[in-house]
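Try each one yourself before reading the solution.

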Amino acid sequence: MANAPHGGVLKDLVARDEHLRDNLKAEAHALPEIVLTERQLCDLELLMNGGFSPLEGFMTEADYKNVVDNLRLADGTLFPMPITLDVSREDIDRLSLKTGARIVLRDPRDEQPLAIITVEDVYRPDQVKEAIQVFGADDPAHPAVAYLRNKVKEYYVGGKVQAIQSPIHFDYVALRYTPAELRAHFKKLAWRRVVAFQTRNPMHRAHRELTVRAARQRQANVLIHPVVGLTKPGDVDHYTRVRVYEAIMAKYPNGMGHLALLPLAMRMAGPREAVWHAIIRKNFGATHFIVGRDHAGPGKNSQGKDFYGPYDAQDLVMKYHEELQIEMVPFQQMTYLPSTDEYQPVDEVPKGVQTLDISGTELRRRLKTGAPIPDWFSYDAVVKTLRESYPPRPKQGFVIFLTGLHGSGKETIAKALQVTLNQQGGRSVSLLLGDTIRPELDTPFSATPEEHSKNLQRVAFVAAELARAGAAVILAPNAYKQAARDAIKDTILHQAGPGGNFFGIHVATPLEHCEANDRKGVYARARRGEIRGVPGVDETFEAFERPQLTVDVSKQNIPEIVHSIVLLLETESLL
């Protein structure tokens with residue numbers, strides 16, 4: 001028998017509002033709208049299908065404050081994570097957001113109406129306090145804090161939602177189960193005990209051994225329940241991971257395991273996240289939940305220390321054990337014993353017995369370099385899938401980012417480098433000059449600061465897509481602000497997949513040299529006030545922080561500079 005939902009009732013809003021669907025859809029045509037962000041979309045899907053039971057909408061101020069302070073809703077129900085709908089001041093004015101207003105929430109992918117929220121309140125949260133209380137520190141090294149600072153708007157809207165339809169998915173549809181569907185599946189198979197395993201990473205032999213061991217000890221079945229919503233920036237993409245999960249499911253004893261995908265936007269909130277994950281798995285019908293060492297931890301903080309202790313998550317889940325009503329299974333660190341060709345928990349291995357392990361860092365190194373991955377660590381089908389998505393270094397794309405003053409020589413270097421890389425062969429080479437996709441249509445320094453920023457974002461997006469496909473991309477934009485450079489780098493690292501190899505090169509040619517060789521007269525026009533926004537005249541070219549290479553055409557010739565860039569790429573095994 002599946003576990004009872006959190007709060008006692010599964011809040012399946014899609015089923016609840018099915019009889020109103022046509023009326024709600026018709027009403028949506030006349031309502032003001034909010035097009036959701038990717039994270040809001042994940043949250044709404046789990047609100048509507050009951051994964052976030054007992055919630056029936058985005059949190060009001062009373063619920064939000066109590067969750068931030070006490071891990072509880074206003075009525076006292078345990079719930080550790082704020083689920084909020086953020087809006088800007090402009091949104092409030094444009095949509096006339098106030099108590100009683102009805103707003104349609106639309107899918108950002110196809111703008112289909114998904115739900116209607118009835119506004120109960122609009123409030124301005126203390127987001128610094130939220131960062132400290134929920135994530136442990138107001139530290140931008142934490143991905144959720146960085147998201148809170150950079151992407152979350154300044155106001156929250158609270159209110160219950162009425163469901164029109166669930167988001168439509170086109171990938172792995174057969175593996176996407178709502179809580180009601182998964183509960184029905186367990187009932188059909190007479191699964192009375194279900195151990196749920198949360199993961200955002202590829203699975204290998206140790207994970208299989210761990211989950212099988214946990215199930216056998218409890219005479220239970222296994223639910224592999226990976227996250228396919230938003231995970232930690234830099235994680236393996238979910239398409240690759242699901243192919244890995246499908247391959248590894250064939251290695252489980254017949255009838256023991258089941259794979260289902262969870263459209264969750266993770267916050268990497270460690271202890272609070274573990275309690276949240278337990279509640280979600282309880283809503284999906286699991287009776288047991290594996291909580292790992294440093295569960296949902298984001299890694300190191302700005303001081304180089306772990307955000308959370310290794311067992312903080314397990315301790316917090318145990319603290320609320322009676323209320324959670326789902327049994328925690330502590331994650332046992334597994335290690336391989338070559339003498340017996342088996343995995344054992346580290347604390348059960350006798351002293352003196354040889355053990356073998358491969359760290360995540362070492363695995364990524366082997367994937368990047370093409371080094372062998374032993375079959376004791378993973379399965380051939382898993383390794384094959386990972387190698388298809390993460391080719392060896394000479395097959396990976398990369399981005400060379402050149403920036404400097406106007407006339408610094410960055411475009412000449414870029415064109416010369418393109419020729420050199422084309423001569424080398426092995427991958428396509430794309431050249432993006434200036435700060436627009438089509439520079440021939442734009443006059444230099446004619447864009448407003450806002451247009452300039454958007455142009456740079458577009459260039460970064462195109463570069464990331466090209467690098468993801470294995471191309472060598474050479475960028476030479478007018479990026480004179482460090483924040484703009486950081487944004488470009490962030491886009492490449494997080495969106496280019498295996499092509500997320502970024503090399504920042506500062507073309508530090510002095511202003512005097514640039515101005516003396518300015519055949520187009522840009523500096524002269526800027527000094528006469530005919531054009532504005534020229535770095536070195538009326539804009540400051542901010543110091544380039546931590547470039548991989550600094551060059552200067554007043555001291556080096558172009559072939560020398562290009563050769564130094566080629567050597568940098570060879571050092572990184574990309575050529």
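**Exercise 1.** Leaving aside its neighbours within four places in sequence, which residues is Asn283 in contact with?

*Solution.* Keep in mind that this is a predicted model.
- Step 1: Find helix H11, residues 271-283, where Asn283 lies.
- Step 2: Set aside the neighbours within four places in sequence; Asn283 then has contacts with Pro5, His6, Leu10, Gly50, Gly51, Phe52, Ser53, Pro179 and Arg183.
- Step 3: Look at Ser53, whose backbone oxygen lies 3.1 Å from a polar atom of the Asn283 side chain.

**Exercise 2.** Decide whether Asn283 is buried or exposed.

*Solution.* 
- Step 1: Recall the cut-off: a residue is called buried under 20% relative accessible area.
- Step 2: The relative accessible area of Asn283 is 0%, so Asn283 is buried.

**Exercise 3.** In what order do the 5 strands of the open sheet come, and which strands stand at the edges?

*Solution.* 
- Step 1: Read across the sheet: the order is S16-S17-S15-S18-S19, with parallel pairing.
- Step 2: Strands S16 (429-433) and S19 (549-551) each have a single partner strand, so they stand at the edges, and one side of each has no neighbour in the sheet.
- Step 3: From one strand to the next, the twist averages 20°.

**Exercise 4.** Which strands does helix H17 touch?

*Solution.* 
- Step 1: Locate H17 at residues 449-468, packed on the sheet.
- Step 2: H17 touches S15, S16 and S17 (472-476).
- Step 3: Compare directions: that of H17 makes about 165° with that of S17.

Conventions:
Residues numbered from 1 in each chain as written. Predicted model: local features only at pLDDT ≥ 70, side-chain atom pairs only at ≥ 80, totals over all residues. Heavy atoms only, no water. Pairing = 2+ DSSP bridges. Helix = DSSP H or I, 4+ residues; strand = E, 2+ residues; numbered from the N terminus. Axes fitted to C-alpha atoms, helices over the stretch in contact; angles between N-to-C directions. Contact = heavy atoms within 4.5 Å. Buried < 20%, exposed > 50% of the residue type's maximum accessible area, 1.4 Å probe, protein only. Polar contact = N/O pair within 3.5 Å; in protein donor to acceptor, adjacent residues only side chain to side chain.
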